[in-house]
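This report looks at how some parts of a protein chain pack against one another. Please keep the sequence and the structure in view while reading.

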Amino acid sequence: MNSQQDKIYAHAADQITDFQFDQRVAGVFNDMIRRSVPGYAQIINTLGDFAHRFVTPNSNVYDLGSSLGSATLSIRRQIEGRDCQIFAIDNSQSMIDRCKENLTAYVSDTQVNLLCADIRDINIENASMVVLNFTLQFLPVNDRNALIKRIYEGLLPGGVLVISEKLFFEDTQIQTLLDEQHLDFKRANGYSELEISQKRSALENVMRPDSLTIHQQRLNDNGFSHFSVWFQCFNFASMVAIK
């Protein structure tokens with residue numbers, strides 16, 4: 001999955017518009033994620049490991065907010081021969097188009113259904129695994145509970161939900177510390193102060209992280225009784241919940 005270098009915010013703009021997963025972002029997304037999200041490669045690899053453990057024969061897998069298909073590819077590699085279907089859904093046609101190219105580069109007997117759609121409109125059925133990989137944080141806060149409820153209802157007993165998110169910390173000292181560590185991570189990966197500042201402005205109105213407490217409470221309220229954080233680096237975490 002080749003990608004151009006992310007230079008979207010490298011030049012000063014007169015006005016910063018809200019971040020969108022458009023063709024421009026799709027073209028540099030792999031580089032953007034690698035340089036912005038600590039531990040992303042580990043998360044993607046482990047999604048495949050979870051799939052190997054949890055995905056049952058003749059069931060469905062849902063990758064909600066599939067972007068370029070990294071999670072779908074990782075999962076697909078681990079469930080060959082189980083007669084499963086993966087539903088990879090994203091509301092950006094640019095992402096779907098590039099995802100299709102990435103998926104067709106590898107031969108597999110597992111069917112992947114690519115859908116350009118709003119994940120809030122998707123029926124979850126006969127699911128042994130559902131993935132929200134840095135997706136929930138972009139939904140309106142008031143829509144998150146209904147989505148988790150629908151996922152729980154569509155999961156088979158013993159099915160797994162994996163949620164990866166940027167976290168908000170109620171402890172202001174911890175929030176400041178981990179936010180600064182993340183900024184240092186981006187600087188170490190070559191982003192300038194201008195790029196960091198302009199991207200932060202672009203994301204301000206479209207990405208609203210929850211605290212870990214809110215994530216756990218939401219999952220508990222909707223029926224999940226087994227929950228843990230399995231990975232965290234700075235203010236980024238991945239959580240697992242089992243039905």
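Helix α1 passes helix α4 in a right-handed crossing. The model is a predicted one.

**Helix packing**

Two packed helices are described by the angle between their axes and the distance between the axes. For α1 and α4, which spans residues 93–104, the angle is about 40° and the axes are 8 Å apart. On the α1 side, the contact is made by Gln23, Val25, Ala26, Gly27 and Phe29, and on the α4 side by Ser94, Met95 and Arg98. Sorted by class, the residues in this contact are 4 nonpolar, 3 polar and 1 charged.

Helix α1, which covers residues 23–36, also packs against helix α6, residues 172–188. Here the angle is about 130°, and the axes lie 8 Å apart. This pair, too, is described as oblique. Arg34, Arg35 and Ser36 of α1 meet His182, Phe185 and Lys186 of α6. The contact of α1 with α6 has 1 nonpolar, 2 polar and 3 charged residues.

What does His182 touch, apart from its neighbours within four places in sequence? Its contacts are Ser36, Pro38, Lys166, Phe234, Asn235 and Phe236. His182 lies in helix α6 and has a relative accessibility of 5%, so it counts as buried.

**Aromatic rings**

A pair of aromatic rings is described by the distance of the centres and the angle of the planes. The structure holds 10 aromatic pairs. In one of them, Phe50 and Trp230 have ring centres 5.5 Å apart and planes at 90°, so this pair is edge-to-face. The two residues are 180 residues apart, and the pair links distant parts of the chain: Phe50 belongs to helix α2 (residues 40–54) and Trp230 to strand β6 (residues 226–233). Phe50 is buried, at 14% relative accessible area, while Trp230 is partly exposed, at 24%.

Ring pairs also link Phe19, Phe21, Phe29 and Phe138 into a cluster. Phe29 is among the α1 residues that meet α4, and Phe21 is in contact with Ser92.

**Residues in loops**

Ser92 sits in the loop between β2 (85–90) and α4. Not counting residues up to four places away in sequence, Ser92 touches Phe21 and Cys116. From Ser92 to Val229 the C-alpha distance is 29 Å, and the two are 137 residues apart in sequence.

Most residues other than glycine have a negative phi. Asn58 has a positive phi, near 65°, and is placed in the loop between α2 and β1 (60–64). Asn126 also has a positive phi, of about 50°, and is found in the loop between β3 (111–116) and β4 (127–133).

| Residue | Relative accessible area | Class |
|---|---|---|
| Ser92 | 6% | buried |
| Asn58 | 53% | exposed |
| Asn126 | 35% | partly exposed |

Asn58 counts as exposed because its value of 53% is over the 50% cut-off. Ser92, at 6%, is buried because buried means under 20%. Asn126, at 35%, lies in between and is therefore partly exposed.

Notes. Residues numbered from 1 in each chain as written. Predicted model: local features only at pLDDT ≥ 70, side-chain atom pairs only at ≥ 80, totals over all residues. Heavy atoms only, no water. Axes fitted to C-alpha atoms, helices over the stretch in contact; angles between N-to-C directions. Helix = DSSP H or I, 4+ residues; strand = E, 2+ residues; numbered from the N terminus. Parallel < 35°, antiparallel > 145°, perpendicular 65-115°, else oblique. Contact = heavy atoms within 4.5 Å. Nonpolar A, V, L, I, M, F, W, Y, C, P; charged D, E, K, R; others polar. Left-handed = near helix turned anticlockwise from the far one by under 90°. Phe/Tyr/Trp six-rings, centres within 6.5 Å; stacked < 30°, edge-to-face > 60°. Buried < 20%, exposed > 50% of the residue type's maximum accessible area, 1.4 Å probe, protein only.
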